[in-house]
Amino acid sequence: NLEYSPWIYSFLLKVLEQDPGVIGLLETDPFQNESDPPKYIRIDRYRYWFHKAQGSDRSGRKPYWSREFVGRIFPRQGIATVQSLRDKLGSYT
């Protein structure tokens, strides 16, 4: 369960703060084209299915994968902010 793993709070806080050392761990910066740093963050879970490129969907494109939303992983309700993550980290020190 991610909510019992203190590292996830540190990671998400550093992402919100745009820490270069943490952003460098990501393949791409998801916020690089934003004029302001992100204010909120969440983790959602999806289930993926990969398909052969046969047939086509309604748009005429040939799909190679589909996904289904499974649920919110973190936070279970609401949103995570810099302050809420700092508060969580404080409870582990």
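Predicted model: local features only at pLDDT ≥ 70, side-chain atom pairs only at ≥ 80, totals over all residues.
# Reading a fold, one feature at a time

Colleague: Got it. How many helices and strands are there in the chain?

Modeller: The chain has 3 helices and 2 strands.

Colleague: What share of contacts in the chain join residues at least 24 apart?

Modeller: A contact means heavy atoms within 4.5 Å. If you take contacts between residues at least 6 apart in sequence, 54% join residues at least 24 apart. Leu12 gives you an example to click on. Leaving out residues up to four places away in sequence, Leu12 touches Ile41, Ile43, Phe74 and Leu85.

Colleague: Which residues touch the most other members in the largest nonpolar core?

Modeller: A nonpolar core is a set of buried Ala, Val, Leu, Ile, Met, Phe, Trp, Tyr and Cys residues joined through side-chain atoms within 4.5 Å. In this model the largest one has 14 residues, and Tyr9, Leu12, Ile41, Phe74 and Leu85 touch the most other members. Helix 1 (6–16), helix 2 (20–23) and helix 3 (82–90) are the elements that give two or more residues to this core. Helix 1 supplies the largest share, 6 residues.

Colleague: Now the rings. How many aromatic pairs does a search of the whole structure find?

Modeller: Rings of Phe, Tyr and Trp (its six-membered ring) pair if their centres lie within 6.5 Å; planes under 30 degrees apart are stacked, over 60 edge-to-face, and the rest tilted. The search finds 4 pairs. In one of them, the ring centres of Tyr9 and Phe74 are 5.4 Å apart with planes at 65°, so the pair is edge-to-face. Tyr9 is in helix 1 and Phe74 in strand 2 (residues 65–74), so the pair ties together parts 65 residues apart in sequence. Both of these residues, Tyr9 and Phe74, are buried.

Colleague: And what about the rings of Tyr48 and Trp65?

Modeller: Their centres are 5.7 Å apart and their planes at 55°, so this pair is tilted. Tyr48 lies in strand 1 and Trp65 in strand 2, so parts 17 residues apart in sequence are tied together. Tyr48 is partly exposed because its relative accessibility is 41%, and Trp65 is partly exposed at 33%. Tyr46, Tyr48, Trp65 and Phe69 form one aromatic cluster.

Colleague: Which residues make the nonpolar surface patch?

Modeller: Patches are made of residues with over 30% relative accessible area and no salt bridge: like charges are joined within 9 Å, nonpolar side chains (Val, Leu, Ile, Met, Phe, Trp, Tyr) within 5 Å. Here Tyr48, Phe50, Tyr64 and Trp65 make a nonpolar patch of about 500 Å². Areas like this come from the Shrake-Rupley method with a 1.4 Å probe; for residues, only the protein chains shown count as cover.

Colleague: Last one: how many salt bridges does the structure hold?

Modeller: A salt bridge is a side-chain nitrogen of Lys or Arg within 4 Å of a carboxyl oxygen of Asp or Glu. The structure holds 4. One of them joins the side chains of Glu17 and Arg86 (2.7 Å, N to O). Glu17 sits in the loop between helix 1 and helix 2, and Arg86 in helix 3, 69 residues apart. Another joins Asp44 and Arg72 (3.1 Å, N to O), linking strand 1 to strand 2 across 28 residues. Glu68 and Arg47 also form a salt bridge, with their closest N and O atoms 3.6 Å apart. That pair links Glu68 in strand 2 with Arg47 in strand 1, 21 residues apart. Finally, salt bridges that share partners join Arg42, Asp44 and Arg72 into one network.

Key. Residues numbered from 1 in each chain as written. Heavy atoms only, no water. Helix = DSSP H or I, 4+ residues; strand = E, 2+ residues; numbered from the N terminus. Buried < 20%, exposed > 50% of the residue type's maximum accessible area, 1.4 Å probe, protein only.
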